Every structure is written in C-alpha cells, then in structure tokens.
Amino acid sequence: MNAQAEMINAAPAAQIVVRNPATRESIGAVPVFTQQQIAEAVERARVAQEKWAKKSSAERLEIVRRFQTLLETQKEAVAAVITGEAGKPLAEALATEILVALDACAFLLNNVTAFLRPEPVPHANLAMKLKRGLLLREPYGVIGIISPWNYPFSLPTVQTLTALATGNAVVLKPSEFTPFSSLELERLLRESGLDPDLLQVVTGEGPAGAALMDSGVNKLIFTGSVATGKRVAQGAAARLLPVVLELGGKDPMIVLEDADVDVASSAAVWGAFMNAGQTCLSVERCYVHRSIYDKFLSACVEKTNKLRLGNGTDPNTDVGPMIHNRQLRIVQEHVDDAIARGARLLAGGKTRSDLGDNFFAPTVLADANHSMRIMREETFGPVLPVCSFATAEEAVALANDSEYGLAASIWTSDRRRGDELARRIDAGTVMVNDVVACFGISEAPHGGVKASGIGRTHGRFGLEEMVWPKYVDSDRLPRMKKLWWYGYGPAFKQQMSGFVELVFGRNLTNRIRGAMKSTKSYRNRKPL
Ligand code: NAD
C-alpha cells in the first residue's frame, strides 16, 4: 500500500476501497476527488504546462529516459502492484505492461525530436510560388486521460509519456478498480524529476471521469467500454472537445485450411485466455476451415485442460481471476445463451468458486453462430467460441459481420494469401499468424474502426493525436503587393482568366494563349 493510500485510510473523506480480485481482500483505499478538486488540478497543470512546452524536446525526453531506467530497475515491484489489483499473472504484468511501457519510452526517445521539428510543406500552386510553408506541431495544453482496469499500467503510461514528451501536461483518472498502478506511474515520474503538476492522478469513479471531461482539459484520451465511450462522445460534442476513443472489440480469428493446427490452436488458447480474456485485443470469436475443424477443436480442448487457474502471484498460474463479479456474470450469461442456442460446451463453462469469487474456468465452445450473444457482444472473459466455415470468402464475411472493428487475425502458411485477406477485414489492426502481440510494437498504431473507436494511440499516429498542426505561411517578398488584391476591373478579370488557362489549359496552345493573356493584362493593372 502506498503512502497516499495509507494517509487516506486514516481520513474520513469519501474514498474507494480497492480489492485484490483473487482474494477480495482490501489492498488500500484512494480518495474520491470532487469536481472542484479536479478543476483545480487541471488549472495547476495548465500553469505548469506553459513552462514545460517552452523546454526543448531533449530536456523533456530526459525525464522519459530517467523514468525508463527507474521502471526497469523497479519492474518486479511495479508488476506486483499491477497483479495485486488487476489479478493477472506476474509474468503477464511484466510482458504486457512493463515491457510495453519500456518500449514506448524507447520509441519516444528515438522519434519525438524529429517528429516535433518544423516540417517544410512544399506546394505546387504557381500563384503562391513566392511563399514558404512550414508545419509546426503544437501541444494541446492539458490532456485528460481516462483509463480502464484491464491494462492499468501500460495504457495510461504510454498515453501519459506521449503527451508529456510532446509538451503537454496530463490529468489522469484511472479506473476505480485499479488506481494504484497509475499512482505508481505518478510516483516514478516524480522520482524522475517531473514537476508534480505535470502529471496529476485524480482518483474516483464515473463521475470523476465526467468531471475531468468538464474541467477545461484541451483534449481527452478515453479508453473503456463502448457504452461509456458513447457518453463521453456526447459530452465532448457539447464542448467541442477533441477526443480519442479506444473502445471495445470482438476480434475474429480466421484459421484457413493450410494453417498449422498446433500453432494456431496454441495461439487461440493464449489469445482468448490471457489476462482471463479481459483484453481489448482478445480472440473473442474463432472461425476455422471445416477441413481442420475437429482437429483444431481437440487441440484447443487438450491445451485448455492443461491451464492452471489461480492467484496471479503464484508463478505457476496461467489464468488469473476476473476483475469483479459483475464481469463474471456477463461471461456466464453469454456462455448459457450460446449453449441454449446449440453451441457444444467442450471445456469449462462455469465459475470456479472453489478458488474464489472471481474465477471462471477457461471455456471452449464449438458450433457457435451469429445468433448467439457470444459472437456479437464483447464477452471480455476466458471463452473461446469456435465455428466452422467452408470458404475464405465466407470467413471474411463472418469476420466483418460485427459492429466492432478493433483487430483480427488470419492464420495460414501462405503469407501472401494472408496479407491479401487482411486488406478485406474491417479492423484497425489485422495480424497474419499472430494474435494480440502487435500492441507491444510501439511504432504500430493502435485503435479501431466502427464501434471500436476514433483516433489512435501508439506510433506516429499516437504522437499526432497529442498536437495540433499549425501552418506557418511566410512570404519571401515582403515589399510586393499581391496581384489578387483590390484594384479589380476588366484587366484583373482578364489576367485571372489567362492565369487559369496557363495553369490548367487542356493543351499547349491553350496554355500559351493563357500566358499571353495574363501577361498582357498584368502590365495594365496595379493593385491598390
Ligand atoms: P468502463 O467504460 O466501464 O470504464 C472506463 C473508465 O471510464 C473508468 O475509469 C471509469 O471510471 C470511467 N467512466 C465511467 N463512467 C464515466 C463517464 N460517464 N464519464 C467519464 N468517465 C467515465 O470500461 P472498463 O470496464 O474499465 O474497461 C473495459 C473496457 O475497455 C472493455 O470494453 C475493453 O474492450 C475496453 N478497452 C479498450 C482498449 C482499447 O485500446 N481499444 C484497451 C483496453 C480496454
């Protein structure tokens, strides 16, 4: 338990008790920030940001460099905090949270200085040839970040560091279920020498997120469910607040007839069950060619039955608990609905109350179809529903038959065929012969289409979200009046008509005629 939590434990103010999802034991409490406290945090951030934006990118990146070193040194301790509140196995905390954050540091250190360098904008317009164009990238000011519980460290860390490196300040509202990971981020950045006002963590539930949106932040990066994302989008529209929305997914996995069944079944099992299936990029539905369907199913069942459920702190645990009981009930409802509509239960399918309140057995369902909730709604739990297809055409149609479009995967021994099919899938990311892992590539843009969201985090597109483009147009002949200024009349009309012909005339004769017309009238005209 950190110092802030201890202090709050002693205080009578409104607070949230945070529980370990594996044991349900309290691991501390955090305050519920009021609307006024959040507005004050944003104001402090605004003042600090003005100085921060004036620093060179090298000075700002020095903080990122120190943070990277501190995080690497303290990786086990930070992983323990993540596992303590999110439940995932320690190895997953290291691989999918700490490693992702460290790689993001490397990406920022390698790219931000060049990204922020003023960029010449060459142009073709003959009338404007005496102008030089430069694109500047300006920080928004204060970025509000609202985070979910499933990746409580890597998501806010990547977004916060990207915002800071590009000259912004951040006010971060973590999930009420996992605030301590964000408080670790705050602590590490302070120890790295960051002005405390440049990253402030404001804890609380939904209303604290709504208050942050209302607080005068200049941009909001929201990661969470589609339902909350829609509410955020409505609130942002009323304020014309720019937003990035990283929302849910129903990611399809397509296994073609030439795929390696052993490899693809291992990928399906890991992709569906890692983090207890609570990953936005999880394999949420699996389509397998009918020629390998039975073989694939038996391989998945055999591998699923070997998985060990338990507390994430046990190094032998493969699958940890789910975050809370409400999520568990949704999973059970989806499984029951699928079975009632004809799916065959091949493994799991039930809660494991012998282990604790929040455990659900990794589940494999065969013969799933699109009448079932499990193939249409985000399940966000350890379930692998599988269905067969006859042709690649049919598989693509099934994959695209969804309101979501976050990611997808295609499995084949013919990479060219995989790449071609990837173009036809409506998703922000399509992996050929891998699942989930592209989130660990900091250069790769992350985000979705359709109900999966708007905008991107990670990579160059993630950097662009943190700045607004300013075009600086600089004229090389300050003592010359522009030809198109006042002083209109027949000569100017003649000149413009000739100029249009000169540039866009349909053949050489027209263009020469246009040049002559334009030059002749040019001599007869003086702008005011
Ligand atoms: P959620 O929508 O319930 O909550 C997300 C955050 O929003 C929390 O911090 C919550 O307190 C806050 N919030 C709640 N009501 C709010 C309101 N009215 N205004 C502003 N903020 C509000 O989501 P969750 O259950 O924490 O997370 C799981 C969801 O997140 C899943 O749907 C998952 O797919 C999605 N997710 C998406 C990505 C991605 O990158 N696309 C990554 C991780 C998780």
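Let's start at L477, which sits in the loop between β18 (467-475) and α17 (490-504). Helices here are DSSP runs of H or I with at least four residues, strands are runs of E with at least two, and both are numbered from the N terminus. L477 has a relative accessible area of 37%, so it is partly exposed. The cut-offs: buried is under 20% relative accessible area, exposed is over 50%, partly exposed is in between, with a 1.4 Å probe and protein chains only.

Before I go on, a caution. This is a predicted model: local features need pLDDT of at least 70, side-chain atom pairs count only at pLDDT 80 or more, and totals for chains, interfaces and linings use all residues. Residues are numbered from 1 along each chain as its sequence is written, and side-chain values use heavy atoms, with hydrogens and water left out.

Back to L477. Together with L130 and M480, L477 forms a nonpolar patch on the surface, with about 230 Å² of accessible area. Patch members have over 30% relative accessible area and no salt bridge; nonpolar side chains (Val, Leu, Ile, Met, Phe, Trp, Tyr) are joined within 5 Å, like charges within 9 Å. A salt bridge puts a side-chain nitrogen of Lys or Arg within 4 Å of a carboxyl oxygen of Asp or Glu. Areas are Shrake-Rupley with a 1.4 Å probe, and for residues only the protein chains shown count as cover.

Now the whole chain. It has 18 helices and 18 strands. Of its 528 residues, 54% count as buried. The C-alpha atoms fill a box of roughly 95 × 65 × 40 Å along the principal axes. Take contacts with a separation of 6 or more: residues 24 or more positions apart account for 71% of them. Contact means heavy atoms within 4.5 Å.

Next, helix α11, residues 293-305. What span should we expect for α11? Its 13 residues, at 1.5 Å a residue, should span 18 Å, and the end C-alpha atoms are 18 Å apart, so the two agree. The expected span is 1.5 Å times one less than the number of residues. Buried in α11 are Y293, F296, L297, A299, C300, V301 and T304. Their cover includes α10 (261-273), along with strands β10 (252-255), β11 (285-289), β12 (344-347), β13 (363-366) and β14 (383-389).

A272 is in that helix α10. A272 is buried, at 0% relative accessible area. Beyond neighbours within four places in sequence, its contacts are G277, V283, G381, P382, V383 and L384.

Last topic, aromatics. Rings of Phe, Tyr and Trp (its six-membered ring) pair if their centres lie within 6.5 Å; planes under 30 degrees apart are stacked, over 60 edge-to-face, the rest tilted. By this rule there are three aromatic pairs. W149 and F380 are edge-to-face, 5.6 Å centre to centre, with 70 degrees between the planes. That pair links distant parts of the chain, 231 residues apart: W149 is in the loop between β5 (142-146) and α6 (154-165), F380 in the loop between α13 (373-376) and β14. W149 is buried at 12%. F380 is buried at 11%.

Y488 and F492 have ring centres 5.1 Å apart and planes at 10 degrees, so this pair is stacked. F492 is buried, at 11%. Ring pairs also bring in Y486, making a cluster of Y486, Y488 and F492.
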